[in-house]
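Thank you all for making the time this morning. I would like to walk you through one part of a structure, going from the strands to the helices and then to the charged pairs.

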Amino acid sequence: MTTTAFDPIDLGGTRLSNRIAMAPMTRSRAYGPGASATEAMATYYAQRAGAGLIITEGVQPSVVGQGYPDTPGLHSEEQVAAWRQVTDAVHRAGGVIFAQLMHTGRIGHPALLPDGLVPVGPSPVAAAGQVFTHEGMKDFVVPAELTEAEIEGTIKDFARAARNAVAAGFDGVELHGANGYLPHQFLSTNANLRTDGWGGSVAGRIRFTVEVARAVTDAIGAHRVGLRISPAVPFNDIVEDGHRDTYRALVSAIEPLGLAYLHVLEGPDRELTLELRKLFGGVLVLNPQTGQAPTGPGELALIEDGTADLLSFGGLFLANPDLPARLASGGPFNEPDRATFYGGDERGYTDYPTLADAADLAD
């Protein structure tokens with residue numbers, strides 16, 4: 001019997017009612033005290049609890065990990081308490097929700113950070129481009145190169161944020177290793193110019209992501225942890241020479257950890273996606289390459305043919321909070337607002353007025 005997107009699936013011991021995931025999408029609505037979640041965010045996620053799995057917008061694991069205005073954190077007691085209203089609302093509606101832990105690394109600006117902090121990265125190499133701040137658009141700055149001690153501290157920040165996520169009622173966390181943020185910067189060949197054990201070779205470049213995954217699984221259990229990657233996706237000025245070797249090595253290294261899922265934001269290399277599916281023994285979540293269109297009903301066949309176990313939908317989930325029901329009935333679908341529609345990565349949306357302001361519309 002053919003498996004469909006509407007069949008249940010076990011995710012690390014948690015039963016998902018279907019195989020349709022809500023992709024993580026930056027909303028910049030954490031207007032609560034100390035960059036904390038609000039009642040409006042609880043309503044937003046609860047409206048979409050029909051997803052088999054909700055993956056939240058990017059949540060910074062530390063103060064210096066914030067790269068956009070009004071994004072939420074999971075590094076303070078205040079933030080943990082505020083997120084509880086979100087997780088409670090989703091669970092009351094029958095949903096499952098993972099928090100995406102996103103450290104933006106060099107993608108950000110001092111104007112977004114307190115106390116004279118500056119963005120950090122594996123090497124002092126600025127990304128090309130600009131980021132939106134409350135003071136307007138700002139050029140990316142040269143990040144402070146992380147020392148080995150600071151790298152170890154950042155890994156601990158991820159583990160602490162994961163424990164905070166569980167305390168806040170989340171069912172698990174997704175580690176954001178994609179879209180040009182800190183783990184992806186370590187994986188890249190243009191942002192990571194290190195010659196120590198955290199760079200200089202494939203083994204060195206994958207080490208940070210592997211160590212973060214190991215620390216977080218030790219903290220909350222592998223059944224609560226997913227990892228997101230975006231092989232050969234150049235977003236946020238990322239270059240990945242020899243990307244196939246990098247991702248084969250990365251997935252082989254995390255496979256023994258027994259993560260709940262691997263989330264692939266697909267670039268131009270479907271052949272690699274299929275290869276990684278074979279290398280990874282857990283659940284594969286796929287945000288498929290669809291060009292300038294959002295992931296839509298046509299991609300449901302990727303579940304039926306075994307390419308993926310779950311599909312993540314971005315833009316259509318914003319326009320259609322009841323998306324799984326609409327997909328099951330064949331529509332109708334509310335159309336994305338093209339004025340704020342973003343055609344790459346998650347095919348998501350923003351509250352900012354222009355694409356340039358949006359920076360990363362979807363985590």
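Let me begin with a term: two strands are said to pair if DSSP finds at least two bridges between them, and strands (E, at least two residues) and helices (H or I, at least four residues) are DSSP runs numbered from the N terminus. What you see is a predicted model, in which local features need pLDDT of at least 70 and side-chain atom pairs count only at pLDDT 80 or more, while totals for chains, interfaces and linings use all residues. Residues are numbered from 1 along each chain as its sequence is written, and side-chain values use heavy atoms, with hydrogens and water left out.

With that in place, the bridge partner of L227 in β12 is L262, and the strands involved, β11 (residues 225-229) and β12, pair in the parallel sense over four bridges. Between them the chain passes through helix α6 (residues 243-254), in a β-α-β crossover that is right-handed, that is, clockwise from the first strand over the helix to the second when the strands point away from the viewer.

On to the next neighbour: β12 pairs with β13 (residues 283-287), again parallel, over five bridges, and there L262 has L284 as its bridge partner. Here the chain crosses through helix α7 (residues 270-279), and this crossover is also right-handed.

These strands belong to a closed barrel of eight strands with parallel pairing, running β3-β4-β5-β10-β11-β12-β13-β14.

Which way do the side chains of β12 point? Y261, H263 and L265 point one way, L262 and V264 the other, and all of them are buried, meaning under 20% relative accessible area, where exposed is over 50% and partly exposed lies in between (1.4 Å probe, protein chains only).

E271 forms another with R244, at 3.5 Å between the closest N and O atoms, and R244, D269 and E271 are linked in a network of salt bridges. As for accessibility, E271 is exposed at 52%, whereas R244 is partly exposed at 25%.

Technical notes:
Salt bridge = Lys/Arg side-chain N within 4 Å of Asp/Glu carboxyl O.
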